[in-house]
Amino acid sequence: MTATDPALTALAQGWCTLSLLHDRIEAHIERALQGAHDLSVREYSLLDVLSRQHDGDGGHLQMKQVADAVVLSQSATTRLVTRLENRGLLERYLCPTDRRGIYTNVTPAGLALLAQARPTNDAALREALDEAAANPELAPLVQAVKSLYMPASA
């Protein structure tokens, strides 16, 4: 394939369209979460991921796993955890069986804020998808997302 190959050009255009859809959705959710709960999308995502941990085997995530789950570098994840820890929303502790391991848990205050923010996040996501669906260039991608993740009756 060359740089002017139509297949490569179409693939690049498809990626740009997907990126545009993602950016619009994320910006819409960011505004909603910031305005109503003083949370960024990344902070919300981190609280959400960590709230799903459990005490059974494999129930706690190491910082690298957390970084992968919220799609940030390990250093950016550490800064994010520190910010939320300073707000009393998270706490860190050493793994009881491996003192080198550090786990992070959501505090009761973090769980309460997450519960308050979840409806805001969900509504903002629906609004952003509905707005994007009105754009002929984005509509096929919105339909693909909905067909993958939403029940047929939704």
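**Salt bridges, core and surface of a predicted model**

Lys64 is partly exposed, with 45% relative accessible area; this class lies between buried, under 20%, and exposed, over 50%, as judged with a 1.4 Å probe and protein chains only. The structure is a predicted model, in which local features need pLDDT of at least 70 and side-chain atom pairs count only at pLDDT 80 or more, while totals for chains, interfaces and linings use all residues. Residues are numbered from 1 along each chain as its sequence is written, and side-chain values use heavy atoms, with hydrogens and water left out.

Lys64 and Asp68 join their side chains in a salt bridge with an N to O distance of 3.1 Å. The term denotes a side-chain nitrogen of Lys or Arg within 4 Å of a carboxyl oxygen of Asp or Glu. Because the two residues stand 4 positions apart in helix α3, about one helical turn separates Asp68 from Lys64. Helices (H or I, at least four residues) and strands (E, at least two) are DSSP runs numbered from the N terminus.

Helix α3 also has a buried set, consisting of Met63, Val66, Ala67 and Val70. These residues lie on the same side of α3, because they cover an arc of only 100° around the axis; the arc is that of the directions from the helix axis to the C-beta atoms. Their packing partners are α2, α4 and β2 (102-106), where contact means heavy atoms within 4.5 Å. Just after α3, Val71 adopts a positive phi of about 55°.

The interior can be considered next. In soluble globular proteins, nonpolar side chains tend to be buried together. Here the largest nonpolar core has 29 residues, and Leu33, Leu39, Leu46, Leu47 and Leu90 have the most contacts inside it. Such a core is a set of buried Ala, Val, Leu, Ile, Met, Phe, Trp, Tyr and Cys residues joined through side-chain atoms within 4.5 Å. Two or more residues each come from α1 (6-37), α2 (41-51), α3 (63-70), α4 (74-86) and α5 (108-133). The largest share, 7 residues, is that of α5.

Asn121 belongs to helix α5 and is buried, with a relative accessible area of 12%. With neighbours within four places set aside, Asn121 contacts Ile29, Leu33 and Tyr44.

Side chains of opposite charge can pair when their charged atoms come close. The whole structure holds 7 salt bridges. In one of them, Arg83 pairs with Glu43, the closest N and O atoms being 3.4 Å apart. This pair links distant parts of the chain, with Arg83 in helix α4 and Glu43 in helix α2, 40 residues apart. Arg83 is partly exposed at 43% relative accessibility, whereas Glu43 is buried at 7%. Glu43, Arg83 and Arg87 are linked in a network of salt bridges.

Asp130 forms a salt bridge with Lys146, again with a closest N and O separation of 3.4 Å. Since Asp130 lies in helix α5 and Lys146 in helix α6, the pair ties together parts that are 16 residues apart in sequence. Asp130 is partly exposed at 48% relative accessibility, and Lys146 is partly exposed at 23%.

The account ends at the segment after α6 (139-149), where Met150 lies. Met150 is partly exposed, with a relative accessible area of 32%.
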